[in-house]
Amino acid sequence: MEKRKWACLEYGLLTVAVLVCFLTVLHLFTGQYFWKQNVYNTYALQADAWRYGRLDLGENYSWLEIAEYQGKFYCSFPPFPSYVLFPLTFFFGSRTPDGFVLLLFDVMGVLFLYKIALRLKLSPEAAAFCALFFTVCTNMTFVFFVPSVWFFAQSLSFSLAAGAVYYALAGKGGISLSLWSCAVGCRPMQALYLPVLLWILFKNEKEKRPGVKGWRIIWDKIYWAALPLIIAVSYMALNYVRFGNIMEFGHNYLPEFVYEHKQFSTDYLAGNFKMLMNLPAFSEEGKMLVDHFGNLNFLWVNPPVFIFIGAVVGACLKREKDVAALGVMTVVLSAAYLTVTAMHATMGGWHFGNRYTNDILPWLFPGLVMFLAKHERLVKWQLPFALWGLMFNVVGTVIVYNGL
């Protein structure tokens with residue numbers, strides 16, 4: 001036991017070291033350093049405005065996506081990242097150290113994945129590999145190291161979702177659901193994955209109290225909902241006092257969605273589903289062309305998705321009921337997520353890969369690890385997929401950030 005404890009610590013430190021080294025190399029190739037002032041700092045501007053008792057930003061910032069409503073200018077994104085930055089504005093004003101905050105959350109995210117894998121009984125070395133596979137070998141590469149408003153929220157959401165899964169597995173429902181609520185405050189579509197947490201939590205409680213009826217377990221743990229509800233109410237209150245609608249955080253009041261086209265529409269489905277599966281174009285010389293405003297096949301840039309699908313099929317064929325149940329549930333929820341995402345007008349905007357699909361990754365992780373824990377010899381077969389994801393995303397990311 002003592003030997004495993006030290007091995008877990010050792011591989012945990014190595015996992016963090018690999019992530020930090022990886023991000024440092026990306027900074028060197030792109031010039032996007034941790035300490036650089038974030039130009040696309042909408043969240044810091046909003047947090048600083050709150051410090052002065054103002055809900056609007058006070059002025060329009062032409063280089064940012066700003067919502068205009070009744071003559072005032074507002075942040076057009078869900079608010080939780082501003083909650084994180086608010087205390088820092090008392091020391092830095094609107095020039096908060098976003099790069100270092102992002103790095104802290106990146107480290108938290110990979111550690112949560114590592115701890116999930118350990119809790120599900122993977123060996124420390126396999127747990128470290130899987131945690132890195134889902135971070136540095138995926139399209140999170142593009143968003144993990146730059147604190148621009150869009151990527152900052154997506155990175156925080158990833159880490160908070162991973163934390164929610166970890167604490168659900170640990171049986172700490174209040175913390176788990178609170179972190180989920182925080183993740184929703186970064187990326188609202190994370191709300192779809194609540195059933196995953198509830199299934200894990202209920203299953204754990206049922207194992208602890210096998211003779212107790214389900215309704216009784218739910219009633220005994222109803223207090224878990226208190227803090228998540230408070231967090232959710234804070235979002236709704238902020239939305240209401242700004243836009244008169246508890247569900248409106250401002251994106252519908254961006255000029256392009258007010259004057260040009262709708263933010264969400266079924267008219268976008270056909271084209272955006274095609275973008276989910278896009279294959280790259282090639283030049284006459286045989287070089288792959290990278291479109292800075294285009295999407296690539298999400299299985300190419302996020303190979304863990306392919307491995308996860310294989311694990312779900314394997315669990316069903318082997319009749320591993322718990323793994324199959326969680327896997328099928330996650331597949332259904334992810335399909336719903338991708339469908340709603342495909343109804344969005346932009347599908348990610350300026351980026352490499354297919355960054356909106358990154359949001360499903362932390363929710364796929366526990367199902368895959370549960371399967372691998374029963375068949376750890378299969379972990380090594382992820383290596384070629386990991387190498388593909390690492391090289392493909394790093395090269396694409398460097399190309400796009402350098403405008404090549």
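1. In this predicted model, Phe86 and Phe90 both belong to helix 3 (residues 80-92), where they are four residues apart, about one turn of the helix. Phe86 is partly exposed, at 28% relative accessibility. Phe90 also has the charged end of Arg51 over its ring, 5.9 Å from the ring centre.

2. The count of aromatic pairs comes to 34. Phe86 and Phe90 make an edge-to-face pair, with 5.2 Å centre to centre and 80° between the planes. The pair of Phe145 and Tyr401 is edge-to-face because the planes stand at 65°, with ring centres 5.2 Å apart.

3. Phe145 sits in the loop between helix 6 (140-143) and helix 7, and Tyr401 in helix 18 (residues 383-401), so their pair ties together parts 256 residues apart in sequence. Phe145 is buried at 3% relative accessibility, and Tyr401 is buried at 12%.

4. His292 is placed in the loop between strand 4 (288-289) and helix 14 (298-301). His292 is buried, its relative accessible area being 17%. Its side chain reaches the backbone oxygen of Leu404 at 3.1 Å. Beyond its neighbours within four places in sequence, the contacts of His292 include Trp350, His351, Ile399 and Gly403.

5. The largest nonpolar core has 111 residues, and Leu122 and Leu160 touch the most other members. Helix 7 (residues 149-169) gives the most to this core, 15 residues. Apart from this core lies another, of six residues, including Tyr61, Leu64, Ile66 and Phe73.

Conventions
Residues numbered from 1 in each chain as written. Predicted model: local features only at pLDDT ≥ 70, side-chain atom pairs only at ≥ 80, totals over all residues. Heavy atoms only, no water. Helix = DSSP H or I, 4+ residues; strand = E, 2+ residues; numbered from the N terminus. Buried < 20%, exposed > 50% of the residue type's maximum accessible area, 1.4 Å probe, protein only. Polar contact = N/O pair within 3.5 Å; in protein donor to acceptor, adjacent residues only side chain to side chain. Contact = heavy atoms within 4.5 Å. Core = buried A, V, L, I, M, F, W, Y, C linked by side-chain atoms within 4.5 Å. Phe/Tyr/Trp six-rings, centres within 6.5 Å; stacked < 30°, edge-to-face > 60°. Lys NZ or Arg CZ within 6 Å of the ring centre and 35° of its normal.
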